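Me: I would like to learn how to read salt bridges and strand pairing in a protein model. Please take one feature at a time.

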Amino acid sequence: LQPTPSIPGTPTELREVLVNLVLNAVQAMPTGGTLRVATAPTPGGVTVEVADTGEGMSERVQRRIFEPLYTTKGAAGTGMGLTVSQGIVQEHNGRIEVQSAPGKGTRFRLVFPLAAEAPAPVASPSPEPLARPGASRPLGGAGRSATASTRPLRILVVDDEPMVRLVTTKLLQMRGHTVDDVDGGQAALDSLDGVVYDLVVTDLSMPGMSGRELAAEIRARFPELPVVLLTGDTDVRAEGSDVTEVVRKPFQIDALEAVVQRVVG
């Protein structure tokens, strides 16, 4: 661990990234091995490496490890850890790299920029007031500027799985959208009664009220509000007029963003 200069960041979030990488490394070495954590200064930045001598990954797996809901651990994995980690690193203006090969272990490398001298404090965004259904509202961001080809939107994410909700929310926020997330269909309907949204993104399989049932309720109350359905089922289609479009899990954020812009635009 070489001495490094300070970087701007949120300690709890960066700790979450490191804990996730260490746990992944341990799980990749079921019969034992060596875990190495290293820090070093680099020109204009700082690097952190987490490496193991475990099972390693094929090139095909490496290409997909940051996809939401993609996992090689079967029922024991959520497919969210590396997606969240990548999102946190990118929110800190850094990047995450991976080198691996089957039977030769894996090395994750985090690269962060240095803190500017005397950084100005970042003010927390003021909460938006509740808007009446049908009232106009500003199209806000979430601390991130949208790319030139995207329009920032107010989106409601609905899912009964906390980790899925978190990842979907973070990914959309990174595209410049203002995102609220709720647990389940009834909570979504309660939110829609108080805030005007451009779009609802909902999971299909939820207890109490499925995504399709929620879409039907939304269509009855807010006929013009688009509803995008997230599902791992390969044979689900946007049949009828309640669901605007279906996005299948695991999804790429670019694909989800393209659907979001298309159904709203």
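Reply: Start with a definition: a salt bridge is a side-chain nitrogen of Lys or Arg within 4 Å of a carboxyl oxygen of Asp or Glu. Here, the side chains of Asp-180 and Arg-154 meet in one, at 2.9 Å from N to O. The pair links distant parts of the chain, 26 residues apart: Asp-180 is in strand β6 (residues 178-182) and Arg-154 in strand β5 (residues 154-158). Helices (H or I, at least four residues) and strands (E, at least two) are DSSP runs, numbered from the N terminus.

Me: What should I know about the model and its numbering before going on?

Reply: It is a predicted model, where local features need pLDDT of at least 70 and side-chain atom pairs count only at pLDDT 80 or more, while totals for chains, interfaces and linings use all residues. Residues are numbered from 1 along each chain as its sequence is written, and side-chain values use heavy atoms, with hydrogens and water left out.

Me: Is Arg-154 buried or exposed?

Reply: Buried means under 20% relative accessible area, exposed means over 50%, and partly exposed lies in between (1.4 Å probe, protein chains only). Arg-154 has 10%, so Arg-154 is buried. Its partner Asp-180 counts as partly exposed at 24%.

Me: How many salt bridges does the structure hold?

Reply: The structure holds 11. One of them joins Arg-221 and Glu-217, at 3.8 Å from N to O. Both residues lie in helix α6 (residues 211-221), four residues apart, about one turn of the helix. Arg-221 is partly exposed at 40%, and Glu-217 is partly exposed at 34%.

Me: What joins β3 and β4?

Reply: β3 and β4 (residues 106-113) pair in the antiparallel sense over six bridges. Val-98 stands opposite Phe-108 in β4. There is also a salt bridge between Arg-109 and Glu-97, whose closest N and O atoms are 3.3 Å apart. Arg-109 sits in β4 and Glu-97 in β3, 12 residues apart. Arg-109 is partly exposed at 23%, as is Glu-97 at 28%.

Me: Which residues are linked with these two in a network of salt bridges?

Reply: The network links Arg-36, Glu-49, Arg-95 and Arg-107 with Glu-97 and Arg-109.

Notes:
Two strands pair if DSSP finds at least two bridges between them.
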